[in-house]
Amino acid sequence: MREKTIYGLGILGTLLLLWNFYTIFLVIPIDALQGNIFRIIFIHVPAAMTAFAFYGVAVLASIAFLWTKNFKWDSMAVSAVEVGTMFTLVNLATGSIWARVEWGIWWAWDARMTTQLMLFLLYLGYLLMRPAVAEPTQRATMSAILSIFAAADIPVVFMAIRLHNVRTQHPGPVLETGGLAPVYWPPFLIGIVAFLLLGSAMILVRLHQESSSREIDSLRRELHAI
Amino acid sequence: MAALAIAGKDLRTEWRTKESLNASVSFALVILVLFSFAFDLDREELLAISGGLLWLVYAFAGALIVNRSFARELPNDCLDVLIASPAPGWAVFLGKAVACFLLLILVELISLPVFGLFYNIHWAGSIFPLLLVIALATWGITVVGTAFSAVTVNVRLRELMLPVLLYPLLIPLLIGAMEMTTGLLNGNAVLSDIRILLVFDAVFTSLSIYLIDFILVI
Amino acid sequence: MSAVDITNLHFLFFGYSAAWLIMIGFVFLLVRRSRRIDRELSRLKSLVEDKEK
């Protein structure tokens with residue numbers, strides 16, 4: 001049942017993504033101002049939104065763990081953080097390439113990209129800390145605390161960078177999603193759905209790995225006891 | 001009351017050995033010297049980066065101090081004793097945070113004249129706004145640093161993990177502090193970013209106090 | 001096509017390639033980890049069975 005769900009989600013997500021590519025490359029009219037590079041938005045922004053969604057899941061799972069002390073919440077948190085971090089990396093890479101074409105520089109310290117970088121760094125620390133703690137309960141509690149601190153920091157980061165940028169006048173991304181022409185909305189939304197499906201499939205795989213790891217731990221203890 | 005007792009204990013211990021105080025001050029001075037070799041700047045450029053430079057030094061020194069905060073309780077099971085004592089978790093946390101705060105302020109006040117000397121920057125003119133910025137930002141550093149010191153107390157490679165976890169979180173605070181300090185050192189007494197410091201301090205003080213029981217029981 | 005268009009297309013290709021490489025790389029890491037965990041699990045299970053006999 002679980003396997004079927006994972007395969008189902010994965011295949012559905014991949015198919016949607018492929019269909020989306022057809023739309024993106026062959027159907028959509030080209031943007032007059034930015035040219036072909038504009039098409040990268042159909043990966044760049046959905047990846048960011050998917051990452052945000054999964055980070056949100058991670059924070060909720062972290063709070064649930066602290067509340068219930070049930071390890072399945074810890075598994076959910078680490079899975080969501082890993083997949084979210086991967087999507088954030090996709091977002092940063094595509095954003096950097098877009099910036100290179102648009103403004104000639106590989107990185108612009110604007111509010112959105114820097115917030116994404118901050119998210120990446122914060123949750124990278126989370127992923128780095130986990131292997132450093134041997135005891136499962138300690139590890140899960142610490143991860144949960146870190147995750148909540150990281151999530152609390154994000155609005156402050158956004159506020160700080162926006163205030164900072166007002167004076168230094170760095171270039172900001174021209175795109176505001178509100179200003180997206182109607183013809184671009186379908187592939188955009190389908191892209192988000194496709195990424196969410198694929199991401200969910202990856203999280204389910206990761207969840208299964210976590211429960212297998214717990215089973216390994218208990219088997220090891222049993223072997224020691226025998 | 002328990003918080004004050006714990007703060008007093010930490011400060012007294014530190015004052016007798018002065019180990020992290022010495023380490024921090026030396027580290028801060030060394031970094032100040034290194035930075036002077038790293039850049040070859042004229043007066044304008046130096047004033048432009050002055051705030052950033054100062055807060056980098058303070059952040060590095062701060063990590064050293066907060067790292068010791070809970071780590072010093074590890075030998076002889078002192079940490080277990082603290083947790084088992086009738087003092088509530090938040091009192092232990094606040095006591096340690098206040099002690100770190102005072103120690104870090106001391107390091108910063110020692111480094112500030114040295115900074116002014118090496119880089120030929122006049123800081124005495126806007127001393128009161130500067131002290132306000134230093135106080136607020138230092139409280140932010142110590143409150144988050146002490147919380148993370150508690151979180152990482154049992155982690156392998158603690159000295160390495162604490163900065164890796166701490167600095168990304170501190171970035172908005174440091175941005176605000178750096179901007180304002182640069183402005184103040186350049187002679188504009190404008191505290192436009194004070195909101196960031198206040199919001200950061202409020203959010204993370206309350207979050208740390210609320211979560212400290214979960215952190216300490218591990 | 002103008003030179004700008006060609007440059008644009010090059011970078012578009014790099015962008016999409018980077019995204020795909022990162023996603024495929026992650027899936028690869030997941031698969032490798034799954035294999036390692038399954039191997040360890042079956043090894044431990046057989047060890048426990050042997051000890052119980």
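Colleague: What confidence does the predictor give the complex?

Modeller: This is a predicted model. The complex has an ipTM of 0.89 and a pTM of 0.87. For chain C, the mean pLDDT is 88, and 98% of its residues reach 70 or more.

Colleague: How do you know that the length of helix α1 of chain B agrees with its number of residues?

Modeller: Helix α1 of chain B holds 16 residues, 2-17.

Colleague: Which residues of α1(B) are called buried, and on what cut-off?

Modeller: Ile6(B), Ala7(B), Asp10(B) and Glu14(B).

Colleague: What puts them on the same side of α1(B)?

Modeller: Their arc around the axis is only 100°, and therefore they share a side. They pack against α2 (19-38) and α5 (89-119) of chain B. On the other side, Leu4(B), Arg12(B), Trp15(B) and Arg16(B) are exposed.

Colleague: What follows α1(B)?

Modeller: Lys18(B), with a positive phi near 55°.

Colleague: What makes up the side of chain B that touches chain A, by class?

Modeller: In total, 25 residues of chain B contact 26 residues of chain A. The elements of chain B giving two or more residues are α7 (158-185) and α8 (194-217). The largest share, 10 residues, comes from α7(B). By class, this side has 20 nonpolar, two polar and three charged residues.

Note on methods
Residues numbered from 1 in each chain as written. Chains lettered and ligands numbered in written order. Predicted model: local features only at pLDDT ≥ 70, side-chain atom pairs only at ≥ 80, totals over all residues. pLDDT = per-residue confidence, 0-100. Helix = DSSP H or I, 4+ residues; strand = E, 2+ residues; numbered from the N terminus. Expected span 1.5 Å × (residues − 1). Buried ≥ 20, exposed ≤ 12 C-beta atoms within 10 Å, placed from the backbone. Arc of directions from axis to C-beta. Contact = placed C-beta atoms within 7 Å. Nonpolar A, V, L, I, M, F, W, Y, C, P; charged D, E, K, R; others polar.
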